[in-house]
Amino acid sequence: MAERRVLCFASWYLPGFRAGGPVRSLMRLCEWLKDDFDFRIVTRNCDLGHPEPYADKLPDVWYPAGGTPVTYLPKPHWSPGRLRRIVRECQADLLYFHSFLDPSLVAMPLALRRLGLLGPRTPVLVAPRGEFSPGALGLKKNRKVAWLRFVRLLQLFENVSWQATDENEAALIRSLWGRQARVLIAPNLPPKVDAGDEPARQAKLAGALRLVFLSRISPMKNLQDVLSALAAVRQPVSLDIYGTTEDATYWRECEQQIGRLPASVTVRYRGPVQPEQVIAVLAGYDVFILPTLGENFGHVILEALLAGCPLLISDRTPWRDLAARGIGFDLPLGRPAAFGEAIGRFAAMDGTEFGAWSRAAREAGLRYCHNADLARVTREVLAAAMDRFAGARPGGT
């Protein structure tokens, strides 16, 4: 049994799923490393955009979720007494925060830590999960700049380690927190998949295209650029949209764009998808499209590859040089015509030509999932974060 305990603070977690990638990141971390670390998770007792509490989650109880003990905090989620008690009772070897921006489940426990109210010193690891990307910081910029100034003034992130998924995110962290910031790099972990468990796909028809967008419907994911690209497409193209409409104003604007699309384009909104159903849903389409403003990983991009869907995405993700590998296109933002041309190119392909792209996409996804180094590197990062205070007692801040 794992002896080293990691207490994770997550804004949202299972059975919630509407927060997308961050839930998957933590879920897969626990899945891959459960034999190496004793994970415990602290989260809200509701899902993103749905303030109604889970009916079957009582406070101050640890429930198994995906094999990991989880406690669900009722309002107020920032209750200092409850947070302090959880931390002191868990006696963790590492406090692991899966966000930077959450006032309740990041700032409050770090403020208690700063005041010396959490007991013996415990190392801290913070994973911003793409929150420092230019695209993310550019949304509600004034509020986020004010938050940065506030937490710096309070020195809440003093003596923490940061987790980045690659060198690009590490550079972003150092640009905000200084060259002396301790940044540890570990990639996101994939789902565990069997190469023989291939989802069923339908043959593509020449001259037509089934597009799918599956993500949160928000300015960050940039559905509007998909609709702008489709405005100039004349081949028969269908677009099915899956995701949560967390920004009602943004979704109304999208609906207005949909109403102006040419008759050759059919658009349907299909609602949210449970995480375990994503690959099967994506396998029902030809091409996955996501002109995101920025991703530090993009779990749904990997899931699209595993579903055999070539990608049509922005160049603001780690998934690059797609055309050279025959698995899609990564294109610059601000050029809807380029996305429209790529849509037209895919639409023109017959089943034989497109089949080669689909098989290459599936193989690229499997190669990532079967890379044994991913779990090893993450294991080493967590161990290194625990050594932040050498000489302190095990579990010592």
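Analyst: Terms come first. Two strands pair if DSSP finds at least two bridges between them. Strands (E, at least two residues) and helices (H or I, at least four) are DSSP runs, numbered from the N terminus. This is a predicted model, in which local features need pLDDT of at least 70 and side-chain atom pairs count only at pLDDT 80 or more, while totals for chains, interfaces and linings use all residues. Residues are numbered from 1 along each chain as its sequence is written, and side-chain values use heavy atoms, with hydrogens and water left out.

Now the sheet. It is open and has six strands, ordered E11-E10-E9-E12-E13-E14, with parallel pairing. Its edges are strand E11 (265-271) and strand E14 (328-331), each of which pairs on one side only. On average, neighbouring strands are turned by 20° against each other, direction ignored. Axes here are lines fitted to C-alpha atoms, for helices over the stretch in contact; angles run from 0 to 180 degrees between N-to-C directions.

Strand E12 (residues 287-290) and strand E13 (residues 311-314) run parallel and share three bridges. Ile 289 stands opposite Leu 312 of E13. Helix H11 (residues 336-348) packs on this sheet. H11 touches strand E9 (209-214), strand E10 (237-242), E12, E13 and E14, where contact means heavy atoms within 4.5 Å. The direction of H11 makes about 175° with that of E14.

Next comes helix H12 (residues 351-369). Its 19 residues should span 27 Å at 1.5 Å a residue, and its end C-alpha atoms are 27 Å apart, so the two agree. The expected span is 1.5 Å times one less than the number of residues. At the N-terminal end, Asp 350 caps H12. A side-chain oxygen of Asp 350 lies 3.2 Å from the backbone nitrogen of Thr 352.

Which residues of H12 are buried? Among them are Phe 354, Trp 357, Ala 361, Leu 366 and Tyr 368. Arg 362 is also buried. Buried means under 20% relative accessible area, with a 1.4 Å probe and protein chains only. The buried residues of H12 pack against E12 and E14 of the sheet, and against H11. They also pack against H1, helix H10 (299-306) and helix H13 (373-386).

Helix H1 (residues 21-33) lies across strand E1 (4-9), strand E2 (37-44), E4 and strand E5 (94-97). H1 runs at about 160° to E2. The open sheet there has eight strands, ordered E3-E4-E2-E1-E5-E6-E7-E8, with mixed pairing.

Definitions and conventions: Buried means under 20% relative accessible area, exposed over 50%, partly exposed in between (1.4 Å probe, protein chains only). A polar contact is a pair of N or O atoms within 3.5 Å; within protein, one must be able to donate a hydrogen and the other to accept it, and residues adjacent in sequence count only if both atoms are side-chain atoms.
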